[in-house]
Amino acid sequence: MLLLYLMSELFPTRTRAIYIDHQLQSMSEEWGNLVQKHADALKIPCVLQKVSVESGNLEQQARNARYQAYRRHLTENDILVLGHHQQDQAETLLLRLFSGAGVNGLAAMQQIDVRQDMTIWRPFLDMSREQIKHWSQQLSFDYVTDQTNYDTHYDRAWCREELWPVLENRFPKMQSAVSRTSYLMQDAAEILDDVLQSDWKLCATENELDLTCLLELSDARKRQLLSAWVKAKDQYRPSFDMVQRLQQEVILAKPDAQAILHINQHYFVRYQKKLYRLTHNQLYAEKQSTILPALLERYEMGETIKVAAGTFKIESQAIGFSSQLLGRELKLLKRLGGEKIHLYGRVGHWPLKKAIQDAQILPWLRHTIQILVVDNVMLGVFSPKGFWLAQSDYLEQGGWQPSLISDCNDFFQQSFSYDE
């Protein structure tokens, strides 16, 4: 209520208010009406927004519902202004300390918090609860004291009601000291983030991590990079134990081990000297594949075609197929195993499996490989690394070939990145 009053004084024409009704208390609707009454008197537009809180950790689920509502009402360039104060900050740091949080967790709340989808301003973060209460009484407006703030069933209320008096009795300046620690942790987190960004550029892309590069880092930097890389776009970083498991069970597993670890909605798989982040659909695409055993195709010059391995374009090449094959019925076969190919420019026939291994095609993409055939003659192979031309009597100078535009990785990332 104090924040509403001050914002109306500082930014009278640029402030909007939102009251989130979690519908968890019988008085919540009445409280919303009180907010609406004050907002109307201050000529501040106000929204009363009811939300449904899912079962589970009540505090966390209520927070999730609240922030989803904020996002629905925020427009471009809006700033979400919240009333967290110094004791809130100190409580947050202590609770995160008890849960084993690292530097980022102990940095707690920032006064100016710029996120990907919103910017938050907490102007009261250096003010004590007592200062806010005293100021509110001086201004003589109505406000509500939420009794759940004293319900020690909740961790934060227990910390405030049971632990706080004991600590403050021993350390009278504890609140400001703990709050100051959060600022020091924010500085440390910023420095660590600079190191992380440098390591990320050297070792990682969004869905791949170079293990040769990773293993050259110190243990602390390894853990930090792995933690941030696994987190990706999730809200929280993985636990310390989960990062340890990833290192021991996947990264440091025997070279011939089929090492996979499932974390949240992704699977983390090692192949050769890289670690990959995959969705369920990417990892198990072969089992879900609907590629027919044989497809009949006709190609024309300049045509863009889509096959299991990716998108290709029929183009002129220095060496390629005779123009007589344009428009002619060709067969596209699924690889069954045991096939051999005489690659153009190489001597003799090679097992197709060996060519696939030499090209380092990822195991979970090998089901996309298809063989192009005419009259039982192998013309070439569609692969995620491009079209492999086979030696045949159908080749001529200035002929045509399929040229890779984008591989099946692009398709999977667009279609299945956040499907689970």
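# Strands around β16

Me: Which residue in β16 does L333 stand opposite?
Reply: L333 stands opposite I371 in β16. Strands here (E, at least two residues) and helices (H or I, at least four) are DSSP runs numbered from the N terminus.

Me: What kind of model am I looking at, and how are residues numbered?
Reply: This is a predicted model, where local features need pLDDT of at least 70, side-chain atom pairs count only at pLDDT 80 or more, and totals for chains, interfaces and linings use all residues. Residues are numbered from 1 along each chain as its sequence is written, and side-chain values use heavy atoms, with hydrogens and water left out.

Me: Back to L333 then. How do β13 and β16 run, parallel or antiparallel?
Reply: Antiparallel: four bridges join β13 (residues 330–334) to β16. Two strands count as paired if DSSP finds at least two bridges between them.

Me: What else is β13 joined to?
Reply: Strand β10 (residues 294–297) is joined to β13 by four bridges, and these two run antiparallel. In that pair, L296 stands opposite K331.

Me: And on the β17 side, how many bridges join it to β16?
Reply: Five, again with the strands antiparallel; β17 covers residues 377–383. V374 has V377 as its bridge partner in β17. β16 and β17 form a hairpin with two residues between them, and D375 in the turn has a positive phi of about 50°.

Me: Is β16 mostly covered or mostly open?
Reply: Mostly covered: five of its five residues (370–374) are buried. Buried means under 20% relative accessible area with a 1.4 Å probe, protein chains only; exposed is over 50%, and partly exposed is in between.

Me: Which residues sit on which face?
Reply: Q370, L372 and V374 are on one side, I371 and V373 on the other, and all are buried. In a regular strand the side chains alternate between the two faces of the sheet.

Me: New topic. What's the strand order in the three-stranded sheet?
Reply: The order is β3-β5-β4, in an open sheet with mixed pairing. β3 (80–81) and β4 (112–114) are at the edges with a single partner strand each, so one side of each has no neighbour in the sheet. β4 pairs with β5 (residues 119–121) in the antiparallel sense over three bridges, and V114 stands opposite T119.

Me: Now I314. Where is it, and why call it buried?
Reply: I314 is in strand β12 (residues 310–321). I314 is called buried because its relative accessible area is 1%.

Me: What is I314 in contact with?
Reply: Leaving aside neighbours within four places in sequence, its contacts include Y299, M301, I305, L326 and W400. Contact means heavy atoms within 4.5 Å. As for D193, 121 residues apart from I314 along the chain, the two C-alpha atoms are separated by 46 Å.

Me: Zooming out, what's the radius of gyration?
Reply: The protein chain has 30 Å, while a compact globule of 420 residues would be near 22 Å. That radius is taken over C-alpha atoms, and the globule rule is 2.2 Å times the number of residues to the power 0.38. The C-alpha trace spans about 95 × 45 × 35 Å along its principal axes.

Me: How many helices and strands overall?
Reply: The chain comes to 15 helices and 20 strands. Buried residues make up 41% of the 420.
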